[in-house]
Structure formats: structure tokens, C-alpha cells
Amino acid sequence: MSSRLPYEVIAGLDFGTTFTKCIVRNLVNEAECFPVLFELKGGRSEYFVPSLIIKSQGRAGTPFDTEMRGDGYVHFLKMRLLGHMDPAAKPWNKSGSQEEARSDVAFFLSHVICGIYKFVAKKWTDFGIHPDDVLRVNICIPVGDANRANVENEFLATLSAAYSSVKLIGGKPAAFPTYAEASSSLNDPKADKRGWDFCASYPETSSNLQAFLKSPARRQGLYIMIDVGGGTLDVSIFRYTPMLQGDWKLTYLYSEVICSGSSQIDMRLKERIPEADITYLRALKESRAGFSGDQRQRALAFLSEVEREIYIEVAQAMGRTLENSRSRISPDAALAVKDLRSVRFFFVGKGFVKYPYEEAVRFFHKTWPESPQQVALVPPSDIKWPIGLVPANLFVRFTVAYGLSFLRENLEGCKFPDQVKWQKPFPPEWYAKPAVDFEDT
Ligand SMILES: Nc1ncnc2c1ncn2[C@@H]1O[C@H](COP(=O)(O)OP(=O)(O)OP(=O)(O)O)[C@@H](O)[C@H]1O
Ligand SMILES: [Mg+2]
């Protein structure tokens, strides 16, 4: 029996539509956390694991099995599962039953959890020696307020099954679970239910906001945060008010999740060019690469058509965001409009590119005297980056994982917008004052 305190390691697991990433934090020394470097078979390591599985010749594999080949790639696992519950995510849900989508996700996540255990064992070499050492896994759910309970239950049940299917020997995973092990853990009422004790879920927006709250760059004011991922695009508008003695107040004004994330571009291209592989279509979108001759002209024409559609959807979501937040900013319409002009925005997610996304976000400010200021999210100092990584570029990929690496109790502002009571708007005198950053006061 070890005389040290048990380890309690929290894994913030960002199960993204295209990539999965993770940050771990050991609560015994809470002041630091680490991006997980996943070890793949054959010696390669990755921070970003593609969220897909491979089904070929009666076998199933994950990106951890680098030897697994074949053309049976199942992409967009998360949105496929969501598509059985949320009509907005239907486009991803092309085939297969909910049961199958669930098993696919449980299988993929079980390998990811194994990968996290392996990283933990390297970082804290005596992890598992104490019988009470534990790894907790937090995920976020990709959904607005509608359908929340259903989606939350489904994702949590699937994650818990994945967690329980990872068998441990002395705190270390014995082997990657097979597809049958992961899916039977889902469906067997007598299966090990450890997962239910150690897994939790948060809203994605709150996880992102945690990165803002811990960022040295935060200032008093109104902000719009936009997360452009593979599946969803999340817009939130909130007011951040520092108070005396380091206290602060965060007021959500409005938030929206729409399924116009970056992989919608690939998928709508696939509808127009069904014979092309989704990987090529993604490369076309990301770097205008691939295809030749007439086929290339055709593909590029479709690409601009699809980007235009997305531009309009994002612009409409921005319109709703500004419209719906106005009355919550101030009962006086003129003051609200004036205040909105001071809004700053920041973005997270890899899909946020100038066109269609940034231009759609800025569209509404064209008639304003000056363009809204974009703020950079400075990485919090508790993330211990391995030498050689460039944190400024990378941090926007890790904001969700970072937010999830806290215990739920400590996840400040971890609420859905509809759980936040609308605070009384600020009194009119407040608006008469020029806006000052708290740094200057
Ligand atoms: N240079 C680029 N240009 C355009 N899109 C890009 C570029 N690089 C990456 N992307 C897109 O960004 C998306 C991945 O972003 P990210 O990792 O933030 O998403 P995710 O977390 O997997 O998705 P979600 O948060 O919606 O579940 C992919 O759809 C990818 O094609
Ligand atoms: Mg994401």
C-alpha cells in the first residue's frame, strides 16, 4: 500500500467531429496540465487523433492501429451519433442505425482512453500503484439547449461504456479493447459500470469560455466568441465584468449552435461530386489542392457555391445573435446599439478561416465606424507545452480540452445559457461612462 495521496487525474477529452484532442491535469498538483501526446502503433505520436474508425474485411480498427488499411473509413463519428437525435445533424447521419453509431463511438473512445492511460503512466510513473488512483474523463456535448437531456445522456452512456471496457492491470491498460468488447459494454446491463462514476459532460461553450476566463488577455467588455469546428459552429455573446478583489461576473446574453462547421463544406461537395473521396474534397477546401483539367474547374465552382451557402448561414446566425442580445444588453435600444459597437470577438477551432467564416462574422459591422476588434486568446500559463511546440498557434485547438480538464465544480461559468438567470441590465448611467479597461482604472 502506497503512503502517498491517491492521484486524481482529470482528462479533458475534446471528442471533435474531425479530430480528438486531450489535456490532462493531476489534481494533486492542480496548477499544471499537459496536452496529451497519443502514441500510435509503430512509434508515431500525435496530438490530434482523427475521429474515425476503419472497417475492413470483417475487422474494425481505429487510427491507433496504423497498420489497419482499407477503404472502409467511417468519418464524423460524433455527428453521426448526434444525427440520430438532432435533426440539424441529420446530414452526417447517412447510414447505419443509432445502435451502430453508438458502438462505433464506444469503440473509438475506448482506444482514446487507453491512449490517455498510456500518457498518464509515462507522466506519473507510479500511477496505479495506489488502489485509489483514478482517471476521470470529461467530454463536452455538441448541442444548444434544444434536445439537451437526450444528447447528454447518450454521449455520457457511450463514454461510460468505453471507459468501462478498458481493462486495467495495476492501473495500466491491458490492451486496446476489441469492437465486440466496447459494444457489449454498452448493451450488457451487467457490464462493469465504473464509467458512470468517473465520466462527466459539460456544454462545449462553457469549456471554451474557461479558456477565456483563465487567459491573461481578458478585459472588461462585451465579447462574441466563435468556435468553428468540423461539425458545429458555436456563437456566444457575453459580458465580462471584473469586480473588486479579483471577483468577476460573466453574463451570457445569447448563444447558438448551428451545424455549419467546416466539414459541412466537404460533405456538401460530396453530394455534388459523389465519386470523389471526402479526403480529397477536404484538401480542396483547405488548400485548393487536387483535381485537374475540367474536373478541377467544376470542383472549384461547386466549392464557391457551397462556401457561399455557409457564408449566408453564418451571417444569419450572427444576425440572430445581435438581435436577440440587444434587449438583454439594455432596455434602451439606442444604448444597446451603442454598446454593441464596442464588441470584441475571438475565435477558437481550426475551421475559422477568412472566407466564409470571418467575413460572415464581420458582415454586420460594415456600416459601423470601425471594424470590431479581434482579440487573441493568450494561452493560460498552467499548460505545460512540450519543447518545440508553438503555443500561440496551437492553443485555439485545445480550448475545449483545456476547459474540460477542470473538475465540474471548478468549471467557472459552466452553465447553459438557459440556466443563467438574466441579470438586471446595467443602469443607464453606466453606459454614459466611457468604456475603460479594468487595467487602466
Ligand atoms: N487550412 C484550412 N482551411 C479550411 N479549413 C480547415 C483548414 N485546416 C483545417 N480545417 C478544417 O477545420 C476542421 C477541424 O477543426 P477542429 O479540429 O476545430 O474541429 P473539431 O473539434 O474536430 O470539430 P467540432 O468542434 O465541430 O466537433 C476540419 O473540418 C478541417 O477541414
Ligand atoms: Mg471542436
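This is a predicted model: local features need pLDDT of at least 70, side-chain atom pairs count only at pLDDT 80 or more; totals for chains, interfaces and linings use all residues.
**Entry 1: ligand 1**

I began with the ligand and listed what lies around it. I found 20 residues surrounding ligand 1. The closest are Gly 16, Gly 229, Gly 230, Ser 262 and Lys 350. I then sorted the shell by residue type: 12 are polar, 5 charged and 3 nonpolar. Domain 1 (8-204) and domain 2 (218-374 + 407-431) each supply at least three residues to the shell around ligand 1.

**Entry 2: the five-stranded sheet**

I traced an open sheet of 5 strands and wrote down its order as β16-β15-β14-β17-β18, with mixed pairing. Its edge strands are β16 (248-258) and β18 (373-374), each of which pairs on one side only. I followed one pair in detail. Strand β15 (residues 233-242) runs antiparallel to β16, and 10 bridges link the two. Within this pair, Ser 236 stands opposite Ser 255 of β16.

**Entry 3: the three-stranded sheet**

Another open sheet has 3 strands in the order β8-β7-β9, and the pairing is antiparallel. Here the edges are β8 (59-61) and β9 (73-74), both pairing on one side only. Between β7 (residues 53-56) and β8 I noted 3 bridges in the antiparallel sense. Ser 56 has Arg 59 in β8 as its bridge partner.

**Entry 4: strand β13**

I wanted to know whether strand β13 is enclosed or open. Of the 5 residues in β13 (residues 199-203), 4 are buried, so the strand is largely enclosed by the rest of the structure. Its pairing with strand β10 (residues 134-141) is parallel and spans 5 bridges. Ile 139 stands opposite Ser 201 in β13.

**Entry 5: the nonpolar core**

Last, I looked up the largest nonpolar core, which has 104 residues. Which residues have the most contacts inside it? They are Val 24, Ile 113 and Ile 116. Helix α2 (residues 98-123) gives the most to this core, with 13 residues. The core lies between domain 1 (8-204) and domain 2 (218-374 + 407-431), because both give residues to it. As background, nonpolar side chains in soluble globular proteins tend to be buried together.

I then took Ile 116 and set aside its neighbours within four places in sequence. What remains in contact with Ile 116 is Ala 11, Cys 22, Val 24, Val 36 and Leu 135.

Conventions:
Residues are numbered from 1 along each chain as its sequence is written. Chains are lettered from A and ligands numbered from 1 in the order in which they are written. A residue is near a molecule or strand if its C-beta atom, placed from the backbone, lies within 6 Å of it. Ala, Val, Leu, Ile, Met, Phe, Trp, Tyr, Cys and Pro count as nonpolar, Asp, Glu, Lys and Arg as charged, and the others, Gly among them, as polar. Domain bounds come from an automatic or database domain assignment. A residue is buried if 20 or more other C-beta atoms lie within 10 Å of its own, exposed if 12 or fewer, and partly exposed in between; C-beta atoms are placed from the backbone. Two strands pair if DSSP finds at least two bridges between them. A nonpolar core is a set of buried Ala, Val, Leu, Ile, Met, Phe, Trp, Tyr and Cys residues joined through C-beta atoms within 7 Å. Two residues are in contact if their C-beta atoms, placed from the backbone, lie within 7 Å.
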